[in-house]
Amino acid sequence: MNKSKTVLFFVTEDWYFISHRLKFALFLKDKGFKIHLCSKDTGKFKTIIAKGINCYDIKSQRKSLSGFHFLFEVVSFLKCIKSVRPNILHLISLRPAAVGLLASLFYKNTKVFITFTGLGYIFIRKNLISKILRFFLKIFFFSVSRIRRAVAIVQNKDDYRFFLKNYFFKKNSIFLVRGSGIDLKYFKKVTEHKSKKVFICYVGRIIEDKGINFLIEGFKLAKKKNNNLCLLLAGKVDNENPTSLHKEELMKTLNSPDIKYMGNVENVRKLLSKAHIGVLLSKREGLPMSLMEAAALGKPIIATDVPGCREIAVDKFNAITVRPGDVQALKEAILKLANNKSLRLQYGKNSRKIVEGDMEDVKVFEKYLEIYSY
């Protein structure tokens, strides 16, 4: 196999690769690329290997701030690069970017592409530790960018401007690609589910930074005004995230028969098809897959007016957007859409139009392929 046709992906965990990057990897494989994955094996490697992708376990510790763990990952990734000898390294998210960039200094003939999928809790939190980490990241990216050339890919306009201003990427080395791509043939527009109850659906990790507590509080206020509301929460408890909510803690918070925690749902399309409204109240995103999926199915959206969310949730067009933590505004948004079917249908129609623009998977994959040849 020609080295120019070999790509090594580096993500923190295998389940994320399956949900957000597997289809792109298979697209590349069909184009003649040899695909390798370096990530933490959480039990999903068998699924990926069955698709003809070679996997390497790196024992990544996403929530660890230990310098020892960081250097251990650098050494482990160096061994992986040495074994694979790829022409292209594709680093997904912030920690793999830092680890992978440092390791790549030993392989200067290898092209490096970094997809920033959002800026995470380090950039959301205002505490001293987060400020220190942001400072060191700034120094790190500045130093490495002077040593070697890497191409950055971001998913929304806010992050594009942020990286140009703060992380010393030049305009010719940073690209905007809107999300991971959505399969519009699989996520077809559906008619609104007939039900006496109005179902509001959240799909995502069960962490504080996704606005779970905020959503539950606002829903309970709205429920007092409209008894036909039902909230569905679907997603895994992410113990590797510092803002994770433990299942026991979550169940105590719910305390309502009309708030149902579904766990980690395999068939997201089936669940969202029955929902009347899609919701995500995150503090910051890259470009959220769950909202793209809801929009593709023709659902109106309630979301926070933050980077990432505002790319897919356009206020007064397909969505009602609120400030993070504004419980009263959230309550009113829920009631407005729940009580107005014609508005839901119009917003849902507009949602589909947005994803049909430049978020379809084939369009996203072709753009990545173009960037690879840059």
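Q: Contact means heavy atoms within 4.5 Å; what percentage of the protein's contacts between residues at least 6 apart in sequence join residues at least 24 apart?
A: The share is 71%. This is a predicted model, in which local features need pLDDT of at least 70 and side-chain atom pairs count only at pLDDT 80 or more, while totals for chains, interfaces and linings use all residues. Residues are numbered from 1 along each chain as its sequence is written, and side-chain values use heavy atoms, with hydrogens and water left out.

Q: What makes a stretch count as a helix or a strand, and how many of each does the protein have?
A: Both are DSSP runs numbered from the N terminus: helices are H or I over at least four residues, and strands are E over at least two. By that rule there are 16 helices and 13 strands.

Q: Why is Leu-330 called buried?
A: Buried means under 20% relative accessible area, exposed over 50%, and partly exposed in between (1.4 Å probe, protein chains only). Leu-330 has 0% relative accessibility, so the residue counts as buried. Leu-330 is part of helix α14 (residues 327-338). Buried residues make up 56% of the 374 residues in the protein.

Q: What does Leu-330 touch, apart from neighbours within four places in sequence?
A: Leu-330 is in contact with Phe-214, Leu-215, Gly-218, Leu-281, Ile-302 and Val-322. Phe-214 is 116 residues away along the chain, yet its C-alpha atom is separated from that of Leu-330 by 8.6 Å.

Q: Is Lys-196 buried or exposed, and where does it lie?
A: Lys-196 has a relative accessible area of 80%, so it is exposed. Lys-196 sits in the loop between β7 (174-176) and β8 (198-203).

Q: Why is Arg-85 called partly exposed?
A: The relative accessible area of Arg-85 is 43%, so the residue is partly exposed. Arg-85 belongs to the loop between α4 (67-84) and β4 (88-92). Its phi is near 55°, a positive value in a residue other than glycine.

Q: How do you know that the buried residues of α8 line one face?
A: In helix α8 (residues 157-166) the buried residues are Asp-158, Asp-159, Phe-163 and Asn-166. Seen down the axis, they fall within an arc of 125° (taken from the directions from the helix axis to the C-beta atoms), so they line one face of the helix. The face turned away from the buried side carries the exposed residues Arg-161 and Lys-165.

Q: Why are α12 and α15 called oblique to each other?
A: Helix α12 (residues 289-296) and helix α15 (residues 341-358) pack at an angle of about 120°, with their axes 7 Å apart. Axes are lines fitted to C-alpha atoms, for helices over the stretch in contact, and angles run from 0 to 180 degrees between N-to-C directions. Angles under 35 degrees count as roughly parallel, over 145 as roughly antiparallel, 65 to 115 as roughly perpendicular and the rest as oblique. The two helices are therefore oblique.

Q: Which residues of α12 and α15 meet?
A: Met-292, Ala-295 and Ala-296 in α12 meet Gly-348, Ser-351, Arg-352 and Val-355 in α15.

Q: What makes α12 mostly covered?
A: Eight of its eight residues are buried. Among them are Met-289, Leu-291 and Glu-293. After α12 comes Gly-298, with a positive phi near 85°.

Definitions and conventions
Contact = heavy atoms within 4.5 Å.
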